[in-house]
Every structure is written in structure tokens, then in C-alpha cells.
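Open the model in your viewer and keep the selection tool at hand. The stops below go from one selection to the next.

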Amino acid sequence: MSDLHSQTVAYTRDTMLPPAPPPVRERGAIKWLRENLFSGPFNIALTLITLWLLWLALSEVLPWMWRGIWDAGSVTECRARPGCALRAGGAGRLLGRHPGSLAPARLRLLPRRRTVAPAAGACGLPHRHHAGPLHRPASAPAGVHGRRPLPDRLADLGGAIWGPAMVALGFVLGWAVWRLLLPRSNPGLAFTGGVLAALLWWLFLTGPVAGMLARLIPIALNPVPSDRIGGFTLSLLIGLSGITLSLPLGILLALARRSDLWIVSKAAVIYIEVIRGVPLIVWLLVAQILLNYFLPSRWSIDILVRVIVMVTLFAAAYIAEVIRGGLAAIPRGQFEAADSLGLGYWETMRLIVLPQALTISIPGIVNSFIGLLKDTTLVSIISLFDPKRMTDTIRATTEWGGIYWELYIFVGTVFFVFCFAMSRYSIWLEQRLERSHR
Amino acid sequence: MTDAAPAASPAAPATSDEVAIEIRRMNKWYGQFHVLRDIDLTVMRGERIVICGPSGSGKSTLIRCINRLEEHQTGTIIVDGTELNSSLRNIDKVRSEVGMVFQHFNLFPHLTVLENCTLAPIWVRKIPRREAEETAMHFLRKVRIPEQADKYPGQLSGGQQQRVAIARSLCMRPRIMLFDEPTSALDPEMIKEVLDTMIELAEEGMTMLVVTHEMGFAQAVANRVIFMDQGQIVEQNEPGEFFRNPRSERTKLFLSQILGH
Ligand SMILES: Nc1ncnc2c1ncn2[C@@H]1O[C@H](COP(=O)(O)OP(=O)(O)O)[C@@H](O)[C@H]1O
Ligand SMILES: [Mg+2]
């Protein structure tokens, strides 16, 4: 056999190849442009046409945005100013914007007995000339004015900052006791301990401590009746309360629906189907009207609280279904491993199943949250002043009658910013969890 | 019942007089389907038992009844002196003394290897975290993967995952270990590392019930081999005798299939 032949038939590598870096390919912006925008005559034409359309749109919109008038007192005042007239000629309705007018009725987080300053910060936008009537909705019942002294009287009684703060502290206390007991005893005992600690605090200590603090540091909030809260303050108040409260409730419902206990699972199914099967508007009307019939008048619960409860109950049904999907994706082996290690039901759920199920459910949960936040505009149906209804109120005034374009764009933009932020946060959260697992 | 019931006498000498598991006339049904039929089995402390048999013969169901992952309907199962019945306290007691290793590892993917190993000791045994972590590292060293402690299960090979699963069970300091086909989901080159770990465990005197088709392991480690078919114990013997002189036709057929190829 020749040397050559033997080499082709049997071959043994005597040196191993070291790892080499991957070939350097052309990269960066130039390559991207060439491949995506200018890869042929047709694409070049499309790119140019798109650029031209973009220019047309932006040359109209950008000056309007930059030269907008932010501090006029009324439409007429605005029209009289040069910046206003500049674009108004072309687009007709493109007046300076007045987002300040959309400020929520009033956010009275202020030391008591001080004249209330408007909370422009709630909108995060410049806000100087806001006329009084805008904050006293024209359509609000005259009775509002008749009740004026009430907030002041309540403020005189000591206001309400220490009371709620001390009540909230009860939750923290209960949680701390639960956390402390948990590693040392069984979960049921720890939970009971936490609840007991909170109850004792509320029953015997909350009142005296709040009173003492109020005497030591006399600050208080100016009470605001629910029908005087409006705009995005109202939306965020309902939305954020709904979001925080509906998640735990949704988790419990999802667990109940998968429970081995027949009664529990059937009750959860009925609840979810009934709540989902009826439009939110109907539930809000129930909250507004029906509850008044059923409850004795001295039990009357604030309308805002009723709405928050309804929105929470409604969202919880949707979230429960999303989480149920996540629970169904957990392999049986996880439950078996937990069982074989002697973990109980709640420990298995809390430590093993829910962390995995919730991770899977994040997109669906955030989807529900976004829906919930936007649905808060439905409360205009039951005579609360959501942002959309605020725009009606603003347009009903003599100063701002006749504008609507700016108002709706502004309302839409603010909702978009909130919802988009939630969506990005959910993606970030997903990616972070994904990275940590694999 | 087709075959004559095999004698309940253990063929191999037990390593202790103490009974670890006692199963008497145990029956189990899945709906109408009679999976386990009149199972009688006594396991002495320190005994290593290998269970084999064709797929669907009820091997998994049998060992899953021993830590109550499955509920039996008639007969008795007594583990370490505790009878398995509807008493939740008894079930908890048995589960804290019996470790189980699964075919598909069933590690918790959202927890690190170390957290997988400390979870049950902390939450079930109420051991302080520091101490639980020391124990976990001890057993991770024993299965020879202490350096993977901070990784997630998804980052490990199958063999490494199964060794973590063994370490996770050992962290609860069980007196009995159950293995349900621990190597059948593994690539050939990883089977050995898992079997080596199990052999070490056997040498330390752990009571073990192993469902496996690794006949080499059975030869090397088992005191007794049990052959199951159609929900019944068809034959049991010490491994040498079992492989050399299988008595029932079913056993012969089964052995010729898995050994012969
Ligand atoms: N949860 C279940 N429900 C109904 N039948 C089952 C269930 N689990 C197993 N079986 C049936 O019981 C028989 C025994 O199963 P198994 O114990 O897993 O067998 P092996 O482990 O010996 O392969 C099989 O026929 C299987 O189809
Ligand atoms: Mg099996």
C-alpha cells in the first residue's frame, strides 16, 4: 500500500484544533440600511415615499407640539396669541393644548386648614391658569356646594392621616408576625398568629396611638368626598387599588377552582362564570344602585369604595382564569416531588407551584391589568368623573368650549403611557425570570 | 390468578431483624382496572430490593403506594411501624422518613440546586437555614457535584440532575429510599455516575427499593430481585439464583427479552 492510500483510508488526528473565533462579518447600521431599506428599486421607492409621508406628518405635528401654548386662561386668550394662530390657520382646530385643565378635581394631600392648591403634578404637566369651574364640574349637583362645610368640620375633628396610617400598620404588623412565626411553627399557626396580632393592634392600640400621634404631630388630610375626585386621579385610584387587590384574590380563586374539594371548586366556577358573563357596566350599576336598596342606609358605603370592590371582583375572575392556565402548565411531577418531600398543600403552592405558574402567567396578568386600567373610564356611567367625562365638563365651560381634539389626544396619550409602561415592565420581568431559571 | 403465588419467604438473608416495610394482601384499582393484586411484601431494614417486570405491570404504582403518592384500597401497608391509612399525620410521618427519586428527576426548576436541597428541611423539618445549607453541601459533595450548588437544574446534564435529586431526598435524612427507574431517562454515559451514587448509598446500609432494568446493578447490590407482571409479584429470589434459574415462564421470557436482545 502506498503512503497516500493509507492516509486516506485510516486517519488519526495527532493535534487537536484550538477553538477559533467566528468569522468577522459586515455589521452595523450601514449593513442594516442596505439590507432593509435599499435592497432593490422597489424597496428604494417605498423607503423614499415613506420618508416623504413622515416628513409631511411631522412638519405639521412637531411645530404644533413645540409651539403649543400651555398657560392660556381660555380659548379666546389662546387664539389671541401668536403661537396659537400660527398653526391654527391650517389645521383649524390645532390650538394650543391645555392639559392642565384636565387636572383631577383636586388631590388634597395637604396640611389641613390650608387653602387647597391644585395638584397639577398629578398630570405631570405645566399647569397654571386653571379656572375654578373646571374643578367644580358644572354638572355636579348643586348640593356639593351645600355640603361644603363638611370637609372642614371633619378636618377640625382631627383629620385623617394617623388613623389610616395606624390601620395600615396593623397589616404590616400581622405580616411581620406571620413571617416571624413561619419558620418556627406550622403555616396555619403562623397565619393565625399574624391575624391575631393585627386584630389586637386594631382593637386596642390603633385608636390611642393615632390620637397621641395626632396630638404630637398635628398634620392631617383635607377630606375629599368621592364625587369630588375626578380625572386621572380617579382612574389611578380605582386602577391601582383594583390591580393590587385583584391579584391575590385571583390567585385564591384559581387555586379554589382546582381544589379537590367539590364545593370549593364549584363555588369558584360559578363565581368566575357569573362575573365574567355580565358586562362590567352592569356590575358598576349594581354597585351604584342595587347595593343602596339592599343595605340599610346607615351602612351606606362610599361609592368609590363600592366601585373599587366591584372592579376588583371583576378583574379577579379574569386573573383567576389566566392563572389557572399557568397552574395547568405545571407538570404533575412537581406536585409529586413536593408530596414525597413531605411539603403540605400551602407550602407546595407558595414555594413551588405558584412561583412557576405566575411566571408563566405574567403576560396574561398584565393584559388583564391593562384592561382594568382602561375600564376605569366606565365609571362615568355612574356619575363619577373619569378622564373622558372630565373632557365633557371642560368643554361645557365658557372658557374652553369648542376644543376637543387636544383633550382626547391628551387623555389617550396618558392612558397609553401607563399601559405601555406596564407592558414593558412585564416584558422586562419575564426576561429576568427567564434568565434566572435557565 | 394464573401462576401459583410465590412463596413469601425472602430468599436472601436480611441484613437486620427489624421490619422496615410490611405490605399485606394489598390491592389497588384505577377505576375498574385492578393494577395491584394481593401484594405481600416484607422488607427488612438495610435490605436492597430490585423490582423489575414488563412495562405496565404495576412496579411504579407499587412503590408509589409506599409513600402514599397513590392510595391503596384494601390490605395494609406499614412503613417503619406507621400504618398508611387516611390519617394525614401518619402520611406526613411516612413521607418524612421515605425518600423518593423519580425517572424524570422532578427538580424544582425555579430554585437553585442548593435551594432544591434545603427547601424541605427548612419548611418541613424546621431546620435553620445555615444548618440546612451545611447538610445540603454535605450531600452534594457525596454525590460529587458541590460545585454546581448555585446553578439552576436546567443548566445541568441529566446525570447531574438525577444526582441532585438523590441529594435532595437524602437531605431529609430518610430511613428508606425508593427509586422509580432512576436511570431510564439518561444517556448511556450518564447511567454509570447515577448507579455509582446508588451503590455507595447501598454500601452505607440504606434500605432501598429500586425499580430498574439495570441487571448489572441488581447483581451487584440487591439482596432480592422481585419480578412483577400484571399487578402481581410473580417471582422473587436472591439475584444470583434469579438470573441463573428463573422458575416461572414469564420471568424467563422477560429475562430473555432484556438480556438477550
Ligand atoms: N393514574 C392512572 N390512572 C389509570 N391507570 C393508570 C394510572 N397510572 C398507571 N395506570 C395504569 O396502571 C398500570 C400500571 O402502571 P405502572 O405502575 O406505571 O406500571 P410500570 O411502572 O410497571 O410500567 C398501567 O397499565 C397503567 O396504564
Ligand atoms: Mg413505571
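Select strand E4 (residues 74-79) of chain B together with E5(B): the two run antiparallel and are joined by two bridges. Strands here are DSSP runs of E, at least two residues long, and helices are runs of H or I of at least four residues, both numbered from the N terminus. Within this pair, Ile78(B) has Glu83(B) in E5(B) as its bridge partner.

This is a predicted model, in which local features need pLDDT of at least 70 and side-chain atom pairs count only at pLDDT 80 or more, while totals for chains, interfaces and linings use all residues. Residues are numbered from 1 along each chain as its sequence is written, chains are lettered from A and ligands numbered from 1 in the order in which they are written, and side-chain values use heavy atoms, with hydrogens and water left out.

Strands count as paired if DSSP finds at least two bridges between them.

Angles run from 0 to 180 degrees between N-to-C directions of axes fitted to C-alpha atoms, for helices over the stretch in contact; contact means heavy atoms within 4.5 Å.

Now show the open sheet of six strands, ordered E6-E7-E8-E3-E9-E10 (chain B), with mixed pairing. Strand E6 (98-101) and strand E10 (232-237) of chain B are its edge strands, each pairing on one side only. From one strand to the next the twist averages 20°. H1(B) packs on this sheet too, touching E3, E6, strand E7 (176-180), strand E8 (207-211) and E9 of chain B.

Inside the sheet, strand E3 (residues 48-52) and strand E9 (residues 224-229) of chain B run parallel, joined by four bridges. Val50(B) stands opposite Val225(B) in E9(B).

Select ligand 1. Residues around it (a heavy atom within 4 Å) include Phe33(B), Lys59(B) and Ser60(B). For polar contacts (N or O atoms within 3.5 Å), look at Thr61(B), with a polar side-chain atom 2.4 Å from a ligand 1 oxygen atom, and at Gly56(B), with a polar backbone atom 2.7 Å from an oxygen atom of ligand 1.

Key. A polar contact is a pair of N or O atoms within 3.5 Å; within protein, one must be able to donate a hydrogen and the other to accept it, and residues adjacent in sequence count only if both atoms are side-chain atoms.
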